[in-house]
Amino acid sequence: MRHILKRTLMGAAVGAFAATASLAEVESADPLKLTLHDWSGQLINTQIMGAVLEEAGYNVEYVQADYIAQFAGLKTGDLTLAMEIWATTGQEALDEAVGTGKVENVGETGLQAIEEWWYPLYMKERCPGLPDWKALKVCASEFATPETAPKGRYVGGPVTWGGFDEERVDALGLDFEVVHAGTDAALFAELESAYQRQAPVILWVYVPHWAPAKYEGEFVEFPPYTPECYSDPSWGVNPDKAYDCGKPRGPIWKAAWAGMKDKWPGAHKIVQAYTLTNEEMSAMVGEADLDGKSVEDVVNAWMDANESRWQGWIAQ
C-alpha cells in the first residue's frame, strides 16, 4: 500500500511535483522492501519510514515477514529493511546476521525497549512478595486457571517473538505453564478481559506501548540480564541452566540488507537519520488499538504534524 497524505489540494500538487523531481534523482527505481510484522507499533513505525522514503521519491513495497525468520531475506537482499529489531528479543539474531557481513545494523530507532513479565497491581495482594521473582515460586497457584491448575499460567507473546520464556520457567524452577497468545491483539485482549474481572493474569507486556499507561501494574524483577546468563549455564542462580534471569533491555534497532547503502545511498542516509520517541510511539499505538484509528490514518497524521522534521531527514 502507498500512503496518501491528507493535505490541501495545492499542497498535494506541490508534493506530487517534488516526488516526481525526486524520482528522477533516486539511485534505483527498484523497490525497497520493508518488512511488516504483527504488532501495531511495528506497522506504524515501518509505514512512517516508508512514507518518508516515498516522499523522497523512492519506490517502497511492504512484505509480511516473520520477526526472526526475516533475517534470511535480509541476508540475501530479498528484503531490504526491518525497522524494529528489539534488543530484548532480537539482539542475538541481529548480531549473528551482522556477523555474516550480509546485514547491517543501521542504528537506533530512538525507541527504548522493555519486554518482561507483567502483572496488574491487584495480583500483588494475592502474591505480596512481588515484584521480586522469588514470590512466584511461592504463589504460582494464585495465577492458575482451570486449564493449568495447580500450575500458574503465564501468557506469552506469539511464538515467533522468541523471548525464551519456557527456558526461563525451567531454569528458575517456576511452577508455571507458558501459554502463547496467537497474536498481539489476542495478548492484550487477554489482559483487558482479566483486568475487567480482576481475574488472575501475568503476561508479556512491552514498552513502548499503551498498556502500562492504561492499566496499573508492575514488571516482575528477575535477576538482571547479562549476556552470560543466556550463554553460560554456570552463570547465575541456577548453575546448571541458562536463561535464569530477566530479559535484556535496550534499543530498538533498524536492520538492513548490507547492499542497501550502495544501491540506495540516499535512502540509507534517510533511514539512519530517522528516529521516534517512546512517548510518540505509545500514543500512536493507543490511537490504533484503543481509539480504532487505522494505521494509515495514524501515519498520515504523524506525517502532517511533523513535515519539517522528516523533510530534514530527506534534505540532509
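A charge is taken to sit over a ring if NZ of Lys or CZ of Arg is within 6 Å of the ring centre and within 35 degrees of the ring normal. In this predicted model, the charged end of Lys-247 meets that description, since it sits over the ring of Trp-204 at 3.4 Å from the ring's centre.

**Aromatic pairs**

- The count of aromatic pairs in the model comes to 22.
- One of these is formed by Trp-39 and Trp-161, whose rings are arranged edge-to-face, with 5.6 Å from centre to centre and 75 degrees between the planes.
- This pair links distant parts of the chain, 122 residues apart: Trp-39 belongs to the loop between β1 (32-36) and α2 (40-55), while Trp-161 belongs to the loop between β5 (152-156) and α7 (165-171).
- Trp-39 and Trp-161 are both buried.
- Tyr-225 and Tyr-230 also form a pair, and because their ring planes stand at 85 degrees, with the centres 4.9 Å apart, the arrangement is edge-to-face, given that angles over 60 degrees count as such.
- Within that pair, Tyr-225 counts as partly exposed, at 30% relative accessibility, whereas Tyr-230 counts as buried, at 8%.

**The ring cluster and the charges over rings**

- Ring pairs join a set of residues into a cluster, among them Trp-39, Trp-161 and Trp-204, together with Tyr-67, Trp-86, Tyr-122 and Phe-188.
- Tyr-195, Tyr-206, Trp-210 and Tyr-215 are also among the members of this cluster.
- Trp-204, a member of the cluster, is the residue whose ring has the charged end of Lys-247 over it.
- In another case of a charge over a ring, Arg-249 lies over the face of Phe-219, at 5.9 Å from the ring centre.

**Helix α2 and its packing against α13**

- Helix α2 packs with helix α13 (residues 278-289) at an angle of about 110 degrees, and their axes are 9 Å apart.
- Since angles of 65 to 115 degrees count as roughly perpendicular, α2 and α13 are therefore described as roughly perpendicular to each other.
- The crossing in which α2 passes α13 is right-handed.
- On the α2 side, Ser-40, Gly-41, Ile-44, Asn-45 and Ile-48 take part in the meeting of the two helices, and on the α13 side they meet Met-281, Met-284, Val-285, Ala-288 and Asp-289.

**Gln-42 in α2**

- Gln-42, which is found in helix α2, is buried, with a relative accessible area of 0%.
- Apart from its neighbours within four places in sequence, Gln-42 is in contact with Thr-35, Leu-36, His-37 and Glu-84.

Terms used. Residues numbered from 1 in each chain as written. Predicted model: local features only at pLDDT ≥ 70, side-chain atom pairs only at ≥ 80, totals over all residues. Heavy atoms only, no water. Phe/Tyr/Trp six-rings, centres within 6.5 Å; stacked < 30°, edge-to-face > 60°. Helix = DSSP H or I, 4+ residues; strand = E, 2+ residues; numbered from the N terminus. Buried < 20%, exposed > 50% of the residue type's maximum accessible area, 1.4 Å probe, protein only. Axes fitted to C-alpha atoms, helices over the stretch in contact; angles between N-to-C directions. Parallel < 35°, antiparallel > 145°, perpendicular 65-115°, else oblique. Left-handed = near helix turned anticlockwise from the far one by under 90°. Contact = heavy atoms within 4.5 Å.
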